[in-house]
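Colleague: I would like to go through this model feature by feature. Please give the idea behind each reading, then the case at hand.

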Amino acid sequence: MKKSDVPQDKSNLESANFRELCYAVDENGEYTTEHTTGWDPKTIALNNAIEKIKERVEEAKTRVLANETSPLEYYMELHKMDLSVLAGYAGIWKWRVKRHFKPSVFNKLSSKTLQKYADVFEISIEQLQHIDQ
Amino acid sequence: MKIDFTHHQSAHCENGVVSNLMQHNGFEVSEPMVFGIGSGLLYCYIPLLKVDHAPVITYRAMPGFIFNKFAKRVGVKFKREKFRNSEAAKKRLDENLEKNNPVGLQVGVYNLTYFPDEYRFHFNAHNLVVYGKENDTYLISDPVMEEVTTLSSKELDKVRFAKGAFAPKGHMYYPIEFPKELKLEEAIRKGIKQTCRDMLAPVPFVGVNGIKTIAKLIRKWPKKQGTKKANHYLGQIVRMQEEIGTGGGGFRYIYAAFLQEAAKILKKEELSVLSKEMTAIGDLWRDFAVDASRIYRNRSTKVEIDLYDDVATQLEKIADLEKDFFKKLRKAIK
């Protein structure tokens with residue numbers, strides 16, 4: 001890639017005033033670096049991935065409201081986590097976290113356990129129990 | 001206190017931290033040089049593992065690998081420490097800063113407050129340098145950022161003890177022993193030899209064969225998984241190839257820059273010819289990304305199967321070129 005061809009497309013990086021470094025060759029064929037504000041092929045891919053996360057969050061929300069899963073799963077998706085990441089932060093075994101996705105089990109959790117989850121998401125127990133607050 | 005530390009932005013965090021720490025200690029080593037000597041270039045498809053609900057491909061060696069290989073090959077000794085609890089981790093960090101010693105840290109990205117939101121996901125193999133502390137604020141040189149930045153001690157603690165795969169556990173490192181002068185020649189040779197060996201490895205998921213495997217999968221995905229999933233997968237492949245840190249073209253440009261520098265140090269004209277060839281291959285990776293993005297631009301609408309075959313063919317061509325390339329490279333440094 002030539003230095004003059006380093007793409008300067010609009011991207012999410014721009015708003016954060018963030019420019020990446022690309023390696024490219026100058027007029028004399030020597031390697032150098034050049035900043036890039038973004039490149040459409042990757043911006044589209046990133047936006048798609050973000051859309052997908054949003055979909056997952058919405059889906060989880062619907063299932064919580066239908067009492068098919070506990071709010072825990074919703075907050076997990078909201079924080080872009082998966083089971084093992086959530087289990088790691090909460091310091092609770094994975095299989096137990098999974099069990100806590102069951103509304104009947106979740107509703108009987110001790111305030112100590114609830115506090116652990118609330119701390120992970122930096123919210124109150126109240127908010128953890130009621131996702132619409 | 002604030003240590004007199006010069007921040008240089010780099011494409012990739014791991015090479016960048018090593019290069020910055022080396023320069024702080026008076027050794028001029030560029031980012032591509034660290035990457036090349038540390039045999040950073042790779043292509044590896046990791047079957048069974050999924051990240052973001054898509055297959056995982058890596059264009060570089062495992063986190064920490066580049067760093068270790070580089071240190072070993074140039075004869076620099078690094079001290080590494082991991083911690084059980086955050087108090088101990090903080091104490092050791094502060095002690096080093098008191099001693100005017102900037103240190104490298106492995107951190108998780110998700111809680112790096114200075115990163116754009118879109119880039120904050122649970123990836124735990126990011127690297128940065130701490131070069132000072134003012135009151136309760138740490139001075140941070142993050143190699144992928146243009147300028148230096150800061151984190152509060154609470155924020156820093158959070159990223160040092162991020163959880164999930166590759167959890168950093170407070171991992172801290174800094175060079176403690178240097179050779180009298182850096183002998184790069186032998187290190188470069190070793191670095192190149194290993195990269196050739198890895199890229200030409202006779203296993204289906206690694207190197208040139210790995211690229212071919214992915215090409216085959218791309219042909220299958222739309223039929224087997226449906227276009228929606230196939231497009232998501234394709235998008236993830238391009239992200240792994242081009243996202244922050246690769247310097248463009250899945251590290252191929254950084255590698256070409258390394259070969260150009262190596263040509264001068266080893267006084268081997270063949271290497272600068274090969275550098276040009278690698279640049280051209282990098283351009284083909286970029287073309288692949290552009291064509292793939294035409295497919296995943298529309299997320300769920302019907303896509304012609306031919307289009308997937310087209311990008312798969314492009315990858316197969318790249319695989320053939322790289323096979324030829326690494327054979328020539330292997331010969332060139334014999």
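**Reading the model**

Modeller: Start with a helix pair, read from axis distance and crossing angle. In this predicted model, the axes of helix H6 (residues 184-199) of chain B and helix H10 (residues 305-332) of chain B cross at roughly 150° and come within 9 Å. The crossing of H6(B) and H10(B) is left-handed.

Colleague: Which residues of H6(B) and H10(B) make the contact?

Modeller: H6(B) supplies Ile192(B), Cys196(B) and Met199(B), while H10(B) supplies Glu322(B), Phe326(B), Leu329(B) and Arg330(B). By class, the contact of H6(B) with H10(B) has five nonpolar, no polar and two charged residues.

Colleague: Moving up a level, what domains does the assignment give for chain B?

Modeller: Domain 1 of chain B is made of two segments, 13-37 + 77-177, and domain 2 covers 184-332. The C-alpha centres of these two domains of chain B are 29 Å apart.

Colleague: How many residues of domain 1 of chain B are in contact with domain 2 of chain B?

Modeller: Ten residues of domain 1 of chain B are in contact with eleven of domain 2 of chain B. On the domain 1 side, helix H2 (residues 31-37) of chain B gives the largest share, six residues. That side of domain 1 of chain B divides into seven nonpolar, two polar and one charged.

Colleague: And chain B as a whole: how many helices and strands does chain B have?

Modeller: Chain B contains ten helices and eight strands. The C-alpha trace of chain B spans about 60 × 50 × 30 Å along its principal axes.

Colleague: What share of the residues of chain B count as buried?

Modeller: The share is 48% of the 334 residues of chain B. Sequence separation is another reading: of the contacts in chain B between residues at least 6 apart in sequence, 69% join residues at least 24 apart.

Colleague: How is burial read for a single residue? Take Glu95(B): is Glu95(B) buried or exposed?

Modeller: Count the neighbouring C-beta atoms. A residue with 12 or fewer others within 10 Å is exposed; Glu95(B) has 11 and therefore is exposed. Glu95(B) is in helix H4 (residues 86-98) of chain B.

Colleague: Now helix H4 (residues 83-90) of chain A: how many of its eight residues are buried?

Modeller: Six of the eight residues of H4(A) are buried, so H4(A) is largely enclosed by the rest of the structure. The buried residues are Val85(A), Leu86(A), Ala87(A), Gly88(A), Tyr89(A) and Ala90(A). Their cover includes helix H3 (71-78), helix H5 (94-99) and helix H7 (111-121) of chain A. After H4(A) comes Gly91(A), with a positive phi near 70°.

Colleague: Last, the interface: which elements give two or more residues to the side of chain B that touches chain A?

Modeller: Begin with the totals: 36 residues of chain B are in contact with 30 residues of chain A. The elements of chain B are helix H7 (207-242), helix H8 (252-266) and helix H9 (269-296). H9(B) gives the most to this side, eight residues. By class, the side of chain B that touches chain A has 13 nonpolar, twelve polar and eleven charged residues.

Conventions
Residues are numbered from 1 along each chain as its sequence is written. Chains are lettered from A and ligands numbered from 1 in the order in which they are written. This is a predicted model: local features need pLDDT of at least 70, side-chain atom pairs count only at pLDDT 80 or more; totals for chains, interfaces and linings use all residues. Domain bounds come from an automatic or database domain assignment. Two residues are in contact if their C-beta atoms, placed from the backbone, lie within 7 Å. Helices (H or I, at least four residues) and strands (E, at least two) are DSSP runs, numbered from the N terminus. Ala, Val, Leu, Ile, Met, Phe, Trp, Tyr, Cys and Pro count as nonpolar, Asp, Glu, Lys and Arg as charged, and the others, Gly among them, as polar. A residue is buried if 20 or more other C-beta atoms lie within 10 Å of its own, exposed if 12 or fewer, and partly exposed in between; C-beta atoms are placed from the backbone. Axes are lines fitted to C-alpha atoms, for helices over the stretch in contact, and angles run from 0 to 180 degrees between N-to-C directions. A crossing is left-handed if the near helix is turned anticlockwise from the far one by less than a right angle, and right-handed if clockwise.
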